[in-house]
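Let's walk through how the chains of this model meet. Have the picture open as you read.

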Amino acid sequence: MTSLWLLLAIALFGTALLALIGHLPYAGRVSVIISAAKVAASLWLAYGVLEHGPLLSAGKLFFVDAFNVYLIVLTTFVGFTTAIFSHRYMAHEADVRGLGHRRMRLYHSMYHAFLFAMLAALVANNLGILWVAMEGATLATVLLVSIYRTPESVEAAWKYFVLCGVGIAQALFGTVLLYFAAEQVIPNRDDALLWTVLYATAGSLDPTVLTLAFVFLLIGYGTKVGLVPLHNWLPDAHSEGPTPMSAILSGLLLNVALYALVRVKMLVDGSLGTNLAGHLLMGFGLVSFMAAGLFLHRQRDIKRMFSYSSIEHMGLMTFAFGIGGTLATFGALLHMTVHSLAKSALFVTAGHVSQVAGTQRIERIRGLIRTQPALGWSLLIGTVALAGFPPFGLFASEFLVLTATINSWPWLALPLLVGLSIAFAGLFRHLQPMVYGEPPPGQTPVRVNLLPVLAHMVLLLWLGLAMPGFLADWFKQATVLITGSWDTDELL
Amino acid sequence: MPNDTVLAWLLAVVQTLLFIGAAPLLAGWIKRVKCHMQNRAAPSLIQPYRDLAKLFRKELVLAENASWLFRATPYIVFAALVLAAATVPLIALSSPTAAIADVIVLVGFFALARFFLALAGLDIGTAFGGMGSSREMTIASLSEPAMLMAVFTLALTAHTTNLSEAIEHNLAAGLVLRPSFLFALLGLTMVAIAECGRIPIDNPATHLELTMVHEAMVLEYAGRNLALLEWAGQIKLMIYGVLIANIFWPWGIAETLDAAALGVGVVAIAAKLTGLGILLVVWETVIAKMRLFRVPQFLGFAFLLALLGMLTQVILETGT
Amino acid sequence: MAALDIAYVAVLAAALSGVLPLLVARRRYAQRVAFALLAVSAIAAIVAGASALTGETTLAERLPLGLPWLKWHVRLDVLSGFFHIVIGVVVLATSFYGPSYLREYESGQNDPTVLNLASGFFIAGMLLVLLADDAFSFMVAWEVMSVASYLLVTFQHEHAANRRAGFLYLLMAQIGAVGILLGFGVLATFGGHFTFDAMRGGNVPAAWASVAFALAFFGFGMKAGMIPVHAWLPEAHPVTPSHISALMSGVMLKVAIYGFMRFTFDLLVDVQWQWGVAVLLIGAGSALFGVLYAYVQQDLKRLLAYSSIENIGIILMALGLSLIFVGGGHPVLGAIGLVAALYHVLNHAVFKGLLFLGSGAVLYRTHERDLEHLGGLIHRMPVTAAVFLVGCVAISALPPLNGFVSEWLIFQTALQAPALENGVLRTLLPIAAAVLALTGALAAATFVKVYGIAFLGKARTRHAAHAREVPRGMRVGMVLLAALCLLLGVLPTTVIGVIDAIPQLLIGQRLPSATAHGWLWLTPVSPDIASYSAPLVLLAIALSFFIGRRLLPARQVRRTPPWDCGFGPLTNRMQYTSTAFAMPIRRIFAPVWHVQEQVEVTRRHEADAPPTGLRHQLHIEDRTWLALYEPIGHYVIGAARAIGLIQTGSVRTYLLYSFLTLLFLLWIVT
Amino acid sequence: MDLAKLSLSDQAVIASAALILFTSFIMLAQARIRPLIYAFAWQGVLLALITALVALVSGQSHLYISAALTLGLKAFLIPWMLHRLAVRLNVQHEVEPLANPSILLLIGSALVIFSYYVSVPIVQFSTLVIRNTVAVSVAVVLLGMLVMVARDKAIAQVVGFMSIENGLFFAAVVSTYGMPMVVELGIAFDVLVAAVLFGVFFFQIRASIDSLDVSRLNRLREIDE
């Protein structure tokens, strides 16, 4: 319990502190230290949860179970590595782009505010609070998107703000409807939005209202997940904001939004008994998967390209959660983890790359391996990992998702196959010229800190080659939570 | 028993020696008949032996940049064809050497000889040699499938690719009018004409660069090497002749190893080859040499015939 | 130490050969370490494979790797043992060959440690594929193999062609892998688990079995380079360093064949003869198409790559025949086909490895891959020329070398057609055999061209004229393989006696008759149907040499310039070129290629004046590009452009999307 | 249900619900910036009024607080901020030519019908007398989105956005007597921050394209020129 409070407290404290000292040269280090503290606290929390089972805070405001606790650890970890990266990166940016003190303060404190919002969203038991936290996450990051004040960045921020705002408003309406359905059956009005309570009484909630609620929530949180055709804010925000922010947006925000969606799906399934929600998720997931794969072919900006690949992977996860069942859900959970590891690592690399080349435009980035081998290779290997090649973790998860598809919807395996190939081609046709060949004049190495990339890659290898037992149990418990059972003969 | 096997092997060797010994004679016979037909003064039957002997006696002349391959080729070619001769039953069946190679290996031997001959043609680096090799390989790559197709027809009928077994089977079957055999015979004959470089594919008697194929490859050879190659060519012609003769008209060939049977065998094969020689001459006199790029049609037709043979074999003779 | 442990040693040594050199300071020593470890790995692989094959043992166990409920299962049986040997042999030759060959890369701008790393994991991946006994570990090993070889293809990435080749290669590897994965998925769905044991147990409905087969055939065929999904092969194989080309062409394609055999004969329990027909036809197509394309190539390594396609086609034909017979209820005949296929796998690994190493040797000394720039090397590089000749004779399927044995076995299998009930098949099989004959003849023509133009005649360029023999290490590697070509050709009976344990495992049938008459006689079905005695053939040829050269040696030999028709001396530009050599076939089979040929005649002034210059341009393109690959590419790009239209950039449009989506969803749920 | 049978306050609620819907239509049709803001303010006032009335009828005391919040935020603070911004950016007199308002209003009314059709299940399910107003709240939300889709000016879009929030709040009040307090507070906070941020963005947009015309924010797109 204390660990939970500690975690949130650290996050808030970090926000406040950096709001004051964010402009100082050592602010980056401070931010790293705070993030490290978060990691420690989250590990403590995780340990507690794994030891003594789910934990429900006094006043039932917060609730931590196997599903969200591993996302919490993931969040703090990625937040930590990204902080390491952003220390040197933002210093460089501040010099090059002339970011003033105010903006640096804003950046550092909003970075932690965002992490706080993520954590709050994850641990919230009250769906209302969850909504508030999600909206808070948008508000925290929207100013970071436009931090460079270029016309593009302002435009991107505006779209991000408006689209996510409208979307999240739909989510609020869904929440209201949920509440409306709940308070008919739940005596105490204040409990009627508590996820624990709702989950317990899901069977008695009115199906039609819940269906409507789900539609609104799907639109709302789906916008944040980046499901086509609600995805349009995502590439803009990712490509125009500072790279650390892109890393945590792709690595964390999308996950948390999907997390919220899945939580709601659990309720709806409990109430409807049909798999309507699942089918909707599958539909959206597949569409996003295919469309993003095609979009990849048209990219001219390296960060934009990787954000489209985020859409593609989120589509795959949504699809998998939609299938439901033990295998698919396990695969989806695993994919959440490995994707955010791989993607944040890639954004870190891409950030350095754009510093090396002085641009984000793909056709001007050439011959990285010659210019700065470490960077070139990590970009290449990272993309190989992202494309789902073993021995990296994404292969394991995609393997599971594919086989689950063959089990339950054999013919949908075909579009998946096509989509994977298209997306792969889209990624590599842009990647190869960047890493290989002769570098253009004026492309000079920069001081980089590839420690985060290395850490993520090692983790990915570990997950891909031999998944540690505790992690497996973790996913297993989460799967049981989501699907309600651990169906071993489905596991193949 | 060992006694018997030794005898058998001995006989096989003798038969082979007879085979390669008789090859120039066949060539001489064909030349002679041809001259008669064209109202020319004919050389004597043993003229080819004289030529070979002369060549063997002559000194060995080599081009400056001839490599060891160039010198090794004649021996390989000759050995391959002797081997081939050893596997073809001439006068007696079931000789142990026939088991060394079945008919597919026989084709393999021809291919081996051709391969090295073509390489030798390219070794000196003259345009003639290259041209000859190119044409030779082109023709061969078209004729080989046709030949195998024809052979397969027999193999499917006799359920064996072993020549002496096949001939034995045909003997045992007696006179059966198999349409498949007719087609196969025609196909095989056309292939034989192509393979032995006879008119209309090639003209053994020409040395015009536009027409010659085989001669272009061996242009740089002299002395003993040339002798070996000439002799090998005669053996090849003889092999085809014997094949056609003994497969399609196996009668007279010796099934037992007693003197009488062997005598009959000798007479029979001599008679058959004489007849075939005459036929060949007639054909070569009435037909004209064709352009290189008409050859594919010719061999394609041969392949078609062989294919027809195979189909008729399957459809008409065994049915489903 | 059990065979399985030795196999682990092989894998680890291969992986270490990539990693250790990173720790060694000086590059020269790094190379030595790397290739020493590769040699260890190769020997270990051979030993493990041999003991598994001869002992006919099947060892299996689990490794603490992989998914929580699906640990890596490994297993070493006769089939994987055989392929262990195949890999080991070529890798061994490479490990002799490599150190000297890589010298010139050490000065290059690409870090050779990358080369070590990639090739180490490439080999380790291939060995792991053979060991894998469940779908997951199989796919992991498979993809490791692909990615590592991709890095090898793009090693010299300064050339755009290499980058393009690498992209194409990795893309197609990816597609094929997903196909294989789906195939496994189908089996696992019915088998209940991803272990191969479970798949063997599962009873798959015929229709689904065919689906699985189709997927696997597609996937493995793509890796093996069968027509029409071969496009990556002629691009990727030539651009790697030659010893890697030898591994890719000689071994990696065989790993794909291994996967196909494992999947079809082992996992799909009861095969259907229709599959065999499909395999036979595609195999025949690949063989013919491959050799025809090889025939017209100028680039030596590209030519060899196309000839790999041809040989894969031949192997597929043998497998197809085997499937037809097994499916038709004649396991004995099926066994012959299987043995023929395996034998050709081994042979092709050996002689294609040899030929690629030879081409590497030529490249090493002349820096030329274009046949038109070579010539006369037989005088400058005698050893290389000799072993290359062995390779050419072997690949042209001529007695008494090894290529002939396997093709002869295939012919024998095809000629057992009368045993089949189905009349159409009875006609189809001999025709396939005829296609094989055509292929063989064309292959012979192709390699006459290669050897004649590259090694015989006069040197066509200065590079070729100043070539020297290659260092000892390289020679040893090549001689090793050449010797194997001879051995495998002369002692087929012994070899078959060993490998007929594999049909025993896969279709429960041996070839008792094949070896019944001792090492001298090879009689696959029975002596009165067909027999072949390679040793005697070799003996006879040797004898004629002995008689000719030793017993009656030529008295005197005179060297003179060749006959030049009286027009002054012959120059090396008067020689027949490779294009000219290939011309007749090119005209006869014209429709096969997409040929652009232009001749520009420049005259001084008026039209009838004698030409002063003549320019001839010939560009031969792979038809499948125009027919298959380019259209697909265009579709994808078009689709991408179309989808791009939805992202207009106007926030109002985006709001409209979410608005309409909302309305739409509300409408469908109520 | 017969309106006449209801208590006066209920009737008042329903009447003002109708008025809120009307204000939404005004926003849809209003081309000038300043009246647009006024209309939005009026909507806030009405919303606060309804909240208070519902509190009165249902005796849910906590609704008074949210009524006060609404009045403060939606009726005064945010409109005031918007107005001030409009003045400082000197756009308060700008007129935005609508393509053709009549079509827009037609679509709007279609949306009202649609939202009624959608909210039928909820209405059947509710126990509240004023349940029919749920349809109105849905309509307000959809109309708000329509405003955002239809309008080019950034301020107009913000107004649309805020009116969506109004619709949500309205729905919460009339269908379930409002949300739990903690949620209400959180939402209010978010809305406030959002409003502030919008203000910031006006200046940023103005600085980058020196106009508030969002239709000119289309640099980032996937269509090839």
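## A strand pair across two chains

Two strands pair if DSSP finds at least two bridges between them. Helices (H or I, at least four residues) and strands (E, at least two) are DSSP runs, numbered from the N terminus. Strand 1 of chain B pairs with strand 3 (residues 557-560) of chain C in the parallel sense, over four bridges. Look for L62(B): its bridge partner in strand 3 of chain C is R559(C).

This is a predicted model, where local features need pLDDT of at least 70 and side-chain atom pairs count only at pLDDT 80 or more, while totals for chains, interfaces and linings use all residues. Residues are numbered from 1 along each chain as its sequence is written, and chains are lettered from A and ligands numbered from 1 in the order in which they are written.

Say two residues are in contact if their C-beta atoms, placed from the backbone, lie within 7 Å. Then 66 residues of chain B are in contact with 65 residues of chain C. Helix 5 of chain B brings the largest share of chain B's side, 17 residues.

That side splits into 41 nonpolar, 16 polar and nine charged residues. Here Ala, Val, Leu, Ile, Met, Phe, Trp, Tyr, Cys and Pro count as nonpolar, Asp, Glu, Lys and Arg as charged, and the others, Gly among them, as polar.

## Where A meets C
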